[in-house]
Amino acid sequence: DGVVVSENVKSNNLDVKIPKSELEAEEKGVEEEHPRESDSNILDVSSDYPRDKHISIQRYLADLEKLADLREDEKKPCPLCPEEKFKACYSHKLHRHLQNLHWKVSVEFEGYRMCICHLSCRPVKPNLVGDQTLAKMGAHYHCIICSATIVRRTDMIGHINRHVNKGETESRFITVRAPKSSYEVVKESATDVQVLPNHSTPQKTDSYFNPKMKLNRQLIFCALAVLAGERKPIECLDAFGATGIMGLQWAKHLRSSVKVTINDCNENSVTMIKENCHLNKMKVKLNIKEEDNDETVGDGEENSDTIEVTKMDANVIMHLRSFDFIHLDPFGTSVNYLDSAFRNVRNLGIVSLTSTDISSLYAKAQHVALRHYGCNIVRTEYYKELAARTVIAAVTRAAARCNKGIEVLLAVALEHFVLVVVRVLRGPTPADDSAKKVRYLIHCQWCEERVFQKEGNMVEENPYQQLPCDCHGSMPGKTAVLLGPLWSGALFNTGFLRRMLLEAVQYGLDEAQPLLKTLVCEAECTTLKHFSTHSPGDENKQEECGVYIKTPTISAESYFVHGKRKSEEVLRGVAKRQRAEHSAEHPPFYYNIHRHSIKGMNMPKLNKFLNYLSEAGYRVSRTHFDPMGVRTNAPLAQFKTVLMKYSTPTYVGAQAEGPVHLPGEIQVGKEVPPAAEIKVEEADEDDKSGVAAAVFTQSYPTGCAAD
């Protein structure tokens, strides 16, 4: 009958009859388009990509001229400009037009040129009409990878670079997938991982890898190695695997001591983790919770060379399974995963978390810190330690909700991250003891003196009395602010840090060793010259840690019963040691020697100043939080007194410069009496200012200061 039923119409469940002549005409039109495309050297289009390559994307300038040859007229129109903009012309003029207007300003990508197009491809703003529309909105570029149209050439170059950084070199016109050579292989601690070119850009890539976090990975590895020496084997979880570099390092170096599970919720990351495992000759045990059944790659046997890779949300896997060691390293804050982490973590296990939301923790975005951590903080000279105590306070509250207490083993705050490592102590009693250490901090905004609020629920009439300074009495208005709630306990465990240092030396982790030495000195509040490394068999130092560990002189059977620890005995030992060492905890916070330097005076060298404070009877050490920071139990007034005593005037021999320094000397003289607990009337100070300056110059000659 000359009538057929179109298949496209049948697919919509509609039986519509189309005349055969119209269908043949439509097929003929399609057949005429294919030779047109073949003339312009267009690659075959895959069935996965329904769109054709735009005519503005060509390899050679001659291809653009061939598009104009489709018409048989002597005058040829431009294939990339509408007739209203560029009328038909002869071939020599068209060649100049295509070369100067379209080809010279094109963007090149993998042998193709994306020429500028003036056709009506982009949507036009409604307020532009007529010729103004063609002039302002006509010029644009077509992306060879996606269907985007971009106006500016610089924006188009940036758009293509973003595709390349994401690894999206496969366009809907070029059907060949990007070769594996586009991946970069990064080696760290004898572990190779494949990463994409934009591996250091978070939230822009599936395989985020930050080389600046190498020190963070080494510290976590040392903590895990110490735990692996206490009990074997341990189940450890890297909740946010990304490239899998951290879990691979655990399995490659600790081998049979650990059972590593690497998790990530991104399918592309899981694929890359699996490839990196094969790259390091590790067997992969997949446990992906999807519609398909679990599949196992390799022999599937659980041995030292097998890593389990899971694809699920971090909260889900921590709710479903129990682990001895959990590491959380999400993008930004980790408070959303703390409840899940402490729900099933085993007793005496370790939870480590890396927080990279430093803008909020370092008091640059205080409202974000209040929203995430429920903590009020301000920018202070000790802001890094304030950030560490803020994170530990959130960890303490999350653990207490699960009837668990914590013992802080390590707290590090550097430029890019805040790392906190805690040991979990099960039971309501450790939970209550830990919760009591979360207090508020009273901070003086004038002199930056600080003190934790006293325990108890009774309201004090004058909270300023708790501060050692007298700023509230001498200054008008309110001088102090309440910060917190913060962790008020110790930030370090000396025994654990010493064993981490031994592990760092054993595995050759050079970057972590100097930091661990500084942390040991900071935990003991001593200078580096008094630092000494004890052997692993030293029982005195082993007892400083929160749990018993195996030593060469004591058998392991006394602490294990059929593979389980005598948790009650261990917890009793922990409580006794914590009560005994409570007085020996390092003093909270530190002072910056430059922040409290005296104007017009040369302060002594930092190491000599530490000796002066130590000779004055105070505990003193340097701190990793601040290279010019001094951790000491001396009040701020005494700190300034010692600093003033061993400082020298900038210009000693120039008498003409003397009056310039008198105001600074008088100000220093006013700060000495509070340290000596002597009060001088303000009226007498004005009369005796010249005498005090002369006595100050005679009492502290130049020779007293250190070079």
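Buried means under 20% relative accessible area, exposed over 50%, and partly exposed in between (1.4 Å probe, protein chains only). You're looking at a predicted model, where local features need pLDDT of at least 70, side-chain atom pairs count only at pLDDT 80 or more, and totals for chains, interfaces and linings use all residues. Residues are numbered from 1 along each chain as its sequence is written, and side-chain values use heavy atoms, with hydrogens and water left out.

**Exercise 1.** Work out whether Glu381 is buried or exposed, and which side chain it joins in a polar contact.

Step 1: Glu381 has a relative accessible area of 5%, so it falls under the 20% limit and is buried.

Step 2: The side chain of Glu381 meets that of His596 in a polar contact of 3.0 Å. Such a contact is a pair of N or O atoms within 3.5 Å; within protein, one must be able to donate a hydrogen and the other to accept it, and residues adjacent in sequence count only if both atoms are side-chain atoms.

**Exercise 2.** Classify the ring pair of Phe221 and Tyr507.

Step 1: Rings of Phe, Tyr and Trp (its six-membered ring) pair if their centres lie within 6.5 Å; planes under 30 degrees apart count as stacked, over 60 as edge-to-face and the rest as tilted. The structure holds 10 aromatic pairs.

Step 2: For Phe221 and Tyr507 the centres are 5.1 Å apart and the planes at 85°, so this pair is edge-to-face.

Step 3: Now check accessibility: Phe221, at 3%, is buried, while Tyr507, at 28%, is partly exposed.
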